[in-house]
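This report describes how the two chains of a protein model are arranged and how they meet. The reader may wish to keep the structure in view while reading.

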2 protein chains.
Amino acid sequence: MTQKNSKPLGDEGPLVVVGGGQAGALMATFLAKRGHEVHIFESRPDPRLVDLDAGRSINMALATRGIVAMRELGVYDRVEPITIPMKGRMVHPEDGEVNFQPYGTSADHAIYSVGRHSLNAILLDAAEDTGNVTMAFGQRCRGVDWSRRMLVLTDYSNDEAMAEVPFDTLFGSDGANSEIRRSMQLVNGGSTSVHVLDHGYKELEIPAGPGGSFLLEPNALHIWPRGNFMLIALPNPGGTFTVTLFLPFGADDPDIGSADSFATLTDPQAVERFFAREFPDFVDLVPDLSEQFFANQTGDLATVRCSGWSHGDTGVLIGDAAHAIVPFHGQGMNLALESCRLLDRRLARYPYDVAQAFTLFEMDRKPDADAIADMALDNYIEMRSGVTDPRYLIKRELALELERRFPDRIAARYGMVMFTTMPYYEVKSRAEDQAVILDKLTAHATSLDDVDFDRAEQLVTQLGPLPVQI
Amino acid sequence: MTQKNSKPLGDEGPLVVVGGGQAGALMATFLAKRGHEVHIFESRPDPRLVDLDAGRSINMALATRGIVAMRELGVYDRVEPITIPMKGRMVHPEDGEVNFQPYGTSADHAIYSVGRHSLNAILLDAAEDTGNVTMAFGQRCRGVDWSRRMLVLTDYSNDEAMAEVPFDTLFGSDGANSEIRRSMQLVNGGSTSVHVLDHGYKELEIPAGPGGSFLLEPNALHIWPRGNFMLIALPNPGGTFTVTLFLPFGADDPDIGSADSFATLTDPQAVERFFAREFPDFVDLVPDLSEQFFANQTGDLATVRCSGWSHGDTGVLIGDAAHAIVPFHGQGMNLALESCRLLDRRLARYPYDVAQAFTLFEMDRKPDADAIADMALDNYIEMRSGVTDPRYLIKRELALELERRFPDRIAARYGMVMFTTMPYYEVKSRAEDQAVILDKLTAHATSLDDVDFDRAEQLVTQLGPLPVQI
């Protein structure tokens, strides 16, 4: 088996990145830092010319994986000033006091709220500052001729002219509904599965208080868990919070007719009754609640899994185009940025064989993407349910105790996902093994006093060391 | 595509390593350091109980790849005291003065002569010292029942009793004629190609001088290049040199009838005439030359390439069993030890999916093994020919000048193989690209003054950065 059917990256012309979101901008920077000439084509307007964050803020939770990827390029220094650390969950229960659950004991155990558009602007600037990246906006991808290495675009900035753009290698970072993916799968035999959740989301905003003050604790991710639905809030610079309601659509489900769902919230009275009943402390903060509710669209949430991320050495999918997940673990962007870092490493490992780099990138990374897709779906249930089951509570207590006693053997799944770069697939498997141990040790326990810690040590030792970070 | 058909390493019993040579001992140490229980079975006697180096020394050239692998385990500190640095080639030409060609300018540019048996003893001790490795000698593998995970052995230390040994996962490090490979390929669809060189080798020894002194410069690899054959010598602690004559077999080749070959060296007079004519300075050092020549066997040199290095999660091939190469680049052991390091890294990346780790290990590593196999064959021609072609000489001179001017873009192939951990496959491709540039720049040049260095800079820049180290 010889590898000689492939070629070095960029030897037949510029690299082209379709989609200038977080993944596209960061990938372009990785490629530019290796000396390649890169062109980005993005269908939307340049976010740096449109003050989008000043209108409705959309923010995301940046965690270790995303930060590590940006640090590797020296870009994180520019991002850090616009982030707000969230050191734990502030839980707003149905009954009882608001309570703070820290993510951990160390300063490393924080996630960071960041505005999507501000971050995008910084990452595009960083790409341009390499000196090797050019970008054009208002350019919508219409298709790809892979054999001729030609990208077909409609130029909305110039009277919708069609253009053909030659490329050496194409990086498809054009999102969950990727046109590059569709074009690629016409030729490479790959397939896509899209799973749309039966719950949707609605974004709202808590205004800033007097003088730009925060009306809730800013250094926390606020959650109002309500069993089958929930509300969350993340802080923005300037004192506002971006709030998201996650709720069943309900319309298609006859069983849910009487339950709360977007299908039942069709007029201002219904909306105000629902919020006043479920989230009274929140309602007090948002005078224009029902106006916001009907002004903003209800979004849907999809998991996109696909195989066939590349086509020989001509193109590869990155970001949501390769792996879109639901937002309940705050990992979609972190997954995407980490994938850019790992693809860069693969390309550096195989400077003379791009096709091999792409193939091995997918083999390594698809199990990880599938695993975080599953864990993100799991985490919705975890977040929205105010769990009071005694079996659940004793297992959580024991898990904390084992983590304290055996810090190099036991780690909470949440922490492994958020605060490490352990491969997601291995994290998921590890968490499953740890869950089996917790089940065994608490089978007949009603408190930690009933737990056999000699047996615990034995079981923990058999687990072997934690997964390595990548 | 789910990965759930696989399993963690070692969850169904001990790991078994068949073959306790350098690769087997080091792999066992890697596995033991990750907490696994490991049993080594070796067909030969324990080298620590047999003083083999005191008889005829066999030594090898340890280079960066082997050293990096041993350093990662903290083992190299034990090995270093028995090595002798060789800082360059000492060339003994047919006509003219002996001349020294340094491998480089820095202390890092050295290779290290080390006794095979002494090194093996140290690596076995290091494996045992982990506390997780046991070993049995005189145990010859007879076959493997993969579905029952049973290894079949003949115990020569106990009246040739047959035994079945259960294993969780088998590591086949039983050399170029691997029985594990044969057993594996009966079930996994893999295949093996063996290419035996039409040149053979004969080992000889230069005795120590008075008081254990060296009769030749000890800090060099001595070469007597003679076009179609050559002699080399590596120093041993104690003042001796292990010498190897590489020469055509000749017997099967009617064209070679009158040329020098093992087929023509059938009596002491012929041997002494041949050595006196070709290697007069060597003959003076070895009074019992023809006795040694006829006492030692003539060995053959084979390149073994195979595919299918693993069988699900049940076993994997390492060392010469997976990739045996000819010795002309001094890389066989370095390749084997580096493969152990990379397999360990793969297993650490996939603690929950051994089959995936094995598959990706082979996908990454086989192109490298094939590349160094080719480069080792090339290097025989390079070493044995005293090249005087003016085109060759100007290209070599230009290569040195470009390496001096563009140290982050140009590196000699020899140096990339010996003094870095750049992937072999990428080194080979890079060297091919560099050779094309040298051809272009010297097409009409008779000295460096004729070279267009502006064009050189342009071509070198287009090459991109050197491969990364792994």
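## A salt bridge within a helix

Which kind of contact joins the side chains of Arg182(A) and Glu179(A)? The two side chains meet in a salt bridge, with a distance of 2.5 Å from N to O. Like every value in this report, this distance was computed from a predicted model.

The positions of the two residues can be understood from the helix that holds them. Arg182(A) and Glu179(A) lie three residues apart in helix α5 of chain A, which covers residues 179–188, and therefore about one helical turn separates them. Over all chains, the count of salt bridges comes to 66.

## The relation between the two chains

## The extent of the interface

Chain A contributes 32 residues to the contact, and chain B contributes 31 residues. Between them, the two chains bury about 2,800 Å², and 53% of this area is on carbon and sulfur atoms. In chain A, the residues that lose the most area to chain B are Arg349(A), Tyr352(A) and Tyr425(A); together they account for 26% of what that side buries.

## Polar links and contributing helices

Four salt bridges are found across the interface of chain A and chain B. Arg349(A), already named for the area it loses to chain B, forms a salt bridge with Asp368(B), in which the closest N and O atoms are 2.8 Å apart. Between the two chains, 14 residue pairs are in polar contact.

Three helices of chain A each supply at least two residues of the side that touches chain B: α9 (332–349), α10 (354–384) and α13 (424–442). The helix α10(A) gives the most to this side, with nine residues. By type, the residues of the side of chain A that touches chain B divide into 15 nonpolar, four polar and 13 charged.

## The six-stranded sheets

In chain A, six strands form an open sheet with mixed pairing, in the order β8-β2-β1-β12-β19-β18. The strands β8 (133–137) and β18 (310–311) of chain A stand at the edges; each has a single partner strand, so one side of each is left without a neighbour in the sheet. Within chain A, strand β12 (residues 169–172) pairs with strand β19 (residues 315–317) in the parallel sense, over three bridges. Where does Phe171(A) find its bridge partner in β19(A)? The partner is Val316(A).

In chain B, an open sheet of six strands likewise has the order β8-β2-β1-β12-β19-β18, and its pairing is mixed. At its edges are β8 (133–137) and β18 (310–311) of chain B, each with a single partner strand, so that one side of each has no neighbour in the sheet. Strand β12 (residues 169–172) and strand β19 (residues 315–317) of chain B are paired in the parallel sense over three bridges. In this chain, Gly172(B) stands opposite Leu317(B), a residue of β19(B).

Definitions and conventions
Residues numbered from 1 in each chain as written. Chains lettered and ligands numbered in written order. Predicted model: local features only at pLDDT ≥ 70, side-chain atom pairs only at ≥ 80, totals over all residues. Heavy atoms only, no water. Contact = heavy atoms within 4.5 Å. Buried area = accessible area lost by both parts, 1.4 Å probe. Polar contact = N/O pair within 3.5 Å; in protein donor to acceptor, adjacent residues only side chain to side chain. Helix = DSSP H or I, 4+ residues; strand = E, 2+ residues; numbered from the N terminus. Nonpolar A, V, L, I, M, F, W, Y, C, P; charged D, E, K, R; others polar. Pairing = 2+ DSSP bridges.
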